[in-house]
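Me: Got a model here I'd like to talk through with you. Can we go over it piece by piece?

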Amino acid sequence: MASGRFYLSCMVLGSLGSMCILFTVYWMQYWRGGFAWDGSVHMFNWHPVLMVSGMVVLYGAASLVYRLPSSWVGPKLPWKVLHATLHLLAFTFSVVGLVAVFQFHNHSKITHLYSLHSWLGISTVILFAFQWSLGFTIFLLPWASQWLRSLLKPVHVFFGACILFLSITSVISGINEKLFFVLKNDTKPYSSLPSEAVFANSTGLLVVVFGLLVLYVLLASSWKRPDPGALTDRQPLLHDRE
């Protein structure tokens, strides 16, 4: 029964995650003029799409790998590799998203990293880089002792949830900031809630719901992988013989 509820939750999360990406793409395409890679404002439009896709949706999917009931039996190494690979893909998306916004700022001679949104976003990506490096070094490479792994595992899980929370916060602040920038004329101010504002705000709410559901699944004790013991938990990348 718990397994059935989990897979139902995964279907809901898959639908919500897809909607988050599609809504962001549609916003940038329909209201903001589409996409390019030329330093223009259309290059900036890649930024929200890539950050939502990477730091929220892909990151959330990677975080839930160990909640899959099929990961509870057999060797843990393939699931570790999948977990790390999805996170690396999410990080790659976020880096390309940062390149897009920095190139746009350079082209338009806009100051970098002056807003709270930018501080939150860059801090989250830097923390993500440290988190991934720590996870790869401690939990995949063969040098770390079981004692060290057991000591750092709760820290790794805690900061993983923190990064998802910070990613959601960064996305929400970014949506709000973008709307304040583009909806400031007298005909369609943000305060009058034009159609773009309603759609973008709705996209933000989808991101929040997606993130909260991911955090709920991560924290639900009935869906956590049972601890198989020290022997099976230690399956480093270079010493798997199963």
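Me: Is Phe210 buried or exposed?
Reply: Keep in mind that this is a predicted model. Phe210 sits in helix H7, residues 195–219. Its relative accessible area is 3%, and the cut-off for buried is under 20%. So Phe210 is buried.

Me: Which residues is Phe210 in contact with, leaving aside neighbours within four places in sequence?
Reply: Contact here means heavy atoms within 4.5 Å. With those neighbours set aside, the list for Phe210 reads Leu13, Leu16, Gly17, Cys20, Val56 and Val57.

Me: Which residue forms a salt bridge with Glu196?
Reply: The count comes to 1 salt bridge. It links distant parts of the chain, 164 residues apart, with Glu196 in helix H7 and its partner in the loop between helix H1 (2–30) and helix H2 (41–44). The closest N and O atoms are 2.9 Å apart, and the partner is Arg32.

Me: How are H3 and H4 oriented to each other, roughly parallel or antiparallel?
Reply: Helix H3 (residues 46–63) and helix H4 (residues 77–108) have axes 8 Å apart and pack at about 165°. Angles over 145 degrees count as roughly antiparallel. H3 and H4 are therefore roughly antiparallel.

Me: How many charged residues does the contact of H3 with H4 have?
Reply: Residues making the contact include Trp46 and Leu50 of H3, and Leu86 and Phe93 of H4. By class there are 16 nonpolar and 8 polar residues, and the number of charged ones is: no charged residues.

Key
Residues are numbered from 1 along each chain as its sequence is written. This is a predicted model: local features need pLDDT of at least 70, side-chain atom pairs count only at pLDDT 80 or more; totals for chains, interfaces and linings use all residues. Side-chain values use heavy atoms; hydrogens and water are left out. Axes are lines fitted to C-alpha atoms, for helices over the stretch in contact, and angles run from 0 to 180 degrees between N-to-C directions. Helices (H or I, at least four residues) and strands (E, at least two) are DSSP runs, numbered from the N terminus. Angles under 35 degrees count as roughly parallel, over 145 as roughly antiparallel, 65 to 115 as roughly perpendicular and the rest as oblique. Ala, Val, Leu, Ile, Met, Phe, Trp, Tyr, Cys and Pro count as nonpolar, Asp, Glu, Lys and Arg as charged, and the others, Gly among them, as polar. Buried means under 20% relative accessible area, exposed over 50%, partly exposed in between (1.4 Å probe, protein chains only). A salt bridge is a side-chain nitrogen of Lys or Arg within 4 Å of a carboxyl oxygen of Asp or Glu.
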